[in-house]
Amino acid sequence: MSDPEFILLGDALWIDFINTARGRRPDAPDGLADSAAYHRWIKAEKLATDAADVPWEEVLAFRERLLAVAAALDEDRQPPSSAIHEINRILARNAGHHQLTRVGGAWQASFVPHRAPTALEAIAGSAAQTLANPDVRVHGCRAEPCTLYFVDRSPGHSRTWCSAEPGAHPVRVERRRAMH
Ligand SMILES: [Zn+2]
């Protein structure tokens with residue numbers, strides 16, 4: 001899952017979203033420089049675009065909120081309640097109903113939205129899923145100078161890099177070569 005303009009780790013949608021403000025290098029440009037870039041990012045994520053409907057300031061403000069959530073989770077702190085409030089506010093835009101379905105011989109209650117979520121709603125939903133799942137951790141990449149966040153679902157939460165393959169971190173590889 002690679003794109004020439006955006007780093008899409010594919011871990012969780014909201015992590016891809018906040019990583020547009022981060023990078024593998026300190027001088028990485030902001031991936032969401034303007035509303036047009038947000039539109040291209042949505043397309044890269046194969047979501048329905050809401051770039052024309054959502055005020056651009058709201059997109060950037062929501063990204064700041066989610067960056068604060070990721071920073072808190074990385075440091076084992078409670079995320080700011082203002083950010084949780086904002087996630088809930090965006091989730092509340094899409095109404096729906098609960099429904100019982102039979103899955104693998106067992107009944108499951110699920111929430112069925114009345115329409116496909118907008119990109120911002122999908123991002124908020126992704127953050128909500130991460131926050132509600134105790135088996136998922138959010139960490140900052142430890143391969144300096146990379147500042148990307150990633151989701152750690154590994155047993156024992158042993159993942160330390162944003163990328164599975166060390167080869168994706170040229171800086172790290174260079175350093176290792178220098179050590180030998
Ligand atoms: Zn990294």
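Q: In which helix is Asp-16 found?
A: Asp-16 sits in helix H1, which spans residues 13–18. Keep in mind that this is a predicted model.

Q: What is the nearest side chain of opposite charge to Asp-16?
A: It is Arg-24, 9.0 Å away. A salt bridge needs a side-chain nitrogen of Lys or Arg within 4 Å of a carboxyl oxygen of Asp or Glu. Asp-16 has no salt bridge.

Q: Which backbone nitrogen lies 3.4 Å from a polar atom of the Asp-16 side chain?
A: That of Gly-10. The cut-off for a polar contact is 3.5 Å.

Q: Now a loop residue. Where does Asn-133 lie?
A: Asn-133 is in the loop between H5 and strand E3, residues 137–140.

Q: Why is Asn-133 called partly exposed?
A: The partly exposed class falls between the buried limit of 20% and the exposed limit of 50%. Asn-133 is partly exposed because its relative accessible area is 30%.

Q: Which backbone nitrogen lies 2.9 Å from a polar atom of the Asn-133 side chain?
A: The backbone nitrogen of Asp-135.

Q: On to pockets. How much space lies in the largest pocket?
A: About 270 Å³. Its lining includes Ile-90, Leu-91, Phe-111, Pro-113 and Glu-121.

Q: Which elements each supply at least two residues of that lining?
A: Helix H4 (81–91), strand E2 (106–113) and helix H5 (119–132). H5 gives the largest share, five residues.

Q: What classes of residue line the largest pocket?
A: Seven nonpolar, three polar and one charged.

Q: And how much space lies in the second largest pocket?
A: About 230 Å³. It is lined by 16 residues, and those closest to its centre are Glu-5, Phe-6, Ile-7, Pro-29 and Gly-31.

Q: What classes line the second largest pocket?
A: Here the lining has seven nonpolar, four polar and five charged residues.

Methods
Residues numbered from 1 in each chain as written. Predicted model: local features only at pLDDT ≥ 70, side-chain atom pairs only at ≥ 80, totals over all residues. Heavy atoms only, no water. 1 Å grid on protein atoms, 1.4 Å probe; cavity = no way out; pocket = protein on both sides within 12 Å on 5 of 7 lines; lining within 4 Å. Points joined across faces, edges and corners; volume = space filled by probe spheres on them. Helix = DSSP H or I, 4+ residues; strand = E, 2+ residues; numbered from the N terminus. Nonpolar A, V, L, I, M, F, W, Y, C, P; charged D, E, K, R; others polar. Buried < 20%, exposed > 50% of the residue type's maximum accessible area, 1.4 Å probe, protein only. Lys, Arg positive; Asp, Glu negative; His and termini not counted. Polar contact = N/O pair within 3.5 Å; in protein donor to acceptor, adjacent residues only side chain to side chain.
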